[in-house]
Amino acid sequence: MNSAGSIWVDGELVDAGTAAVRADDSAFSSGRGCYTAGRFAGGGVRFGGRVVRRLARDARTLDLGEVDEALCLAGMVALGKAHFGDGEGVVRLQASRDGAGALHLVGVARAVGPEPAEWRAVSPPFPHEGPAPYAGAKVTNHLLFAMAREQAVRAGVDEAALFDGEGFLIEGARSNFVLALGNGSLATPSLRRGGVAGVAREILLERLPEIAEVELHRGTLGAVHELIAVNAVRGARPVIELDGRPVGDGRPGPAARRLDETLDSAE
């Protein structure tokens, strides 16, 4: 087997051409699955313990079964080493169950891709779906995010900012947001409106308790000094433009640097 062409299935590396899931798998048949992703670097997964803990939490939320966190982390590391060796990349692990109710885990790897220091974003012409029964979970049924990311690609930008039907900011298509407000305070959209409970967001709330969880309406964003996208793979990235208009003064600010340094220190 060519290890660089491998996937990880239920505890072992197999050839990428191997059948990995049954036709009655819940992620395939109904979108009932969850996933997590981490950055492989230096022979390990950044925030690895938290990354697999999120998968286990979400699997319980979706009633998929109990996930072995140690096995998952070992699998993500094995997959990363097989594909990237001493380099860097992204490893993704999915949990779902077959028609008989058995839990299955499937891991894949991909390149990190472009990493601009400054991001630009658009808001798609459709609303975020709002709260769901699987509150905060990172689910495989993510058509909304896929379509939002396509909007960003078409616009030649890095992220899509999703607002709900009432105009409240929820999250990005691949990140959570933290904002530096005009009074100098930091805020992040409350998950009550349906956002994903991201790993980077979790770390920042623990380490910077002054970040307030609030509801942020589109109409208030003109007074925002900084809009920062945060996720476990990329860290914190300043969003300097939204829908073609500058955010704040259109330049990265001190809050973005502080958040990125906070995440770096948490490794």
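**Helix packing and selected local features**

H2 and H5 are roughly perpendicular to each other, a class that covers angles of 65 to 115 degrees, with angles under 35 counted as roughly parallel, over 145 as roughly antiparallel and the rest as oblique. The model is predicted; local features need pLDDT of at least 70 and side-chain atom pairs count only at pLDDT 80 or more, whereas totals for chains, interfaces and linings use all residues. Residues are numbered from 1 along each chain as its sequence is written, and side-chain values use heavy atoms, with hydrogens and water left out.

Helices (H or I, at least four residues) and strands (E, at least two) are DSSP runs, numbered from the N terminus. For H2 and helix H5 (residues 199-207), the packing angle is about 110° and the axes are 10 Å apart. Axes are lines fitted to C-alpha atoms, for helices over the stretch in contact, and angles run from 0 to 180 degrees between N-to-C directions. The crossing of H2 and H5 is right-handed; the term applies if the near helix is turned clockwise from the far one by less than a right angle, and left-handed applies if it is turned anticlockwise. On the H2 side, Arg50, Val51, Arg54 and Arg57 meet Val199, Glu202, Ile203 and Glu206 of H5, where contact means heavy atoms within 4.5 Å. The residues of this contact comprise three nonpolar, no polar and five charged. In this classification Ala, Val, Leu, Ile, Met, Phe, Trp, Tyr, Cys and Pro are nonpolar, Asp, Glu, Lys and Arg are charged, and the others, Gly among them, are polar.

Helix H2 (residues 48-61) also packs with helix H3 (residues 69-84), at an angle of about 125° and with the axes 9 Å apart. H2 and H3 are therefore oblique to each other, and their crossing is right-handed. H2 contributes Gly48, Gly49, Val51, Val52, Arg53, Leu55 and Ala56 to the contact, and H3 contributes Glu69, Cys72, Leu73 and Met76. By class, the residues of the contact of H2 with H3 are seven nonpolar, two polar and two charged.

The axes of H5 and helix H6 (residues 254-265) come within 10 Å and cross at roughly 95°, which makes H5 roughly perpendicular to H6. Ala200, Ile203, Leu204 and Arg207 of H5 form the contact with Leu259, Thr262, Leu263 and Ser265 of H6. Five nonpolar, two polar and one charged residues make up the contact of H5 with H6.

Two arginines sit over aromatic rings, a placement that requires NZ of Lys or CZ of Arg within 6 Å of the ring centre and within 35 degrees of the ring normal. The charged end of Arg92 is 4.0 Å from the centre of the Tyr35 ring, and Arg193 lies over the face of Phe168, at 3.9 Å from the ring centre. His142, in the loop between strand S7 (119-122) and helix H4 (143-155), touches Tyr35, Arg92 and Arg149 when residues up to four places away in sequence are not counted. The C-alpha atoms of His142 and Gly31 are separated by 8.2 Å, although these residues are 111 residues apart along the chain.

Most residues other than glycine have a negative phi. Asp63, in the loop between H2 and H3, has a positive phi of about 60°. Asp243 lies in the loop between strand S14 (235-242) and strand S15 (245-246), and its phi is also positive, near 55°.
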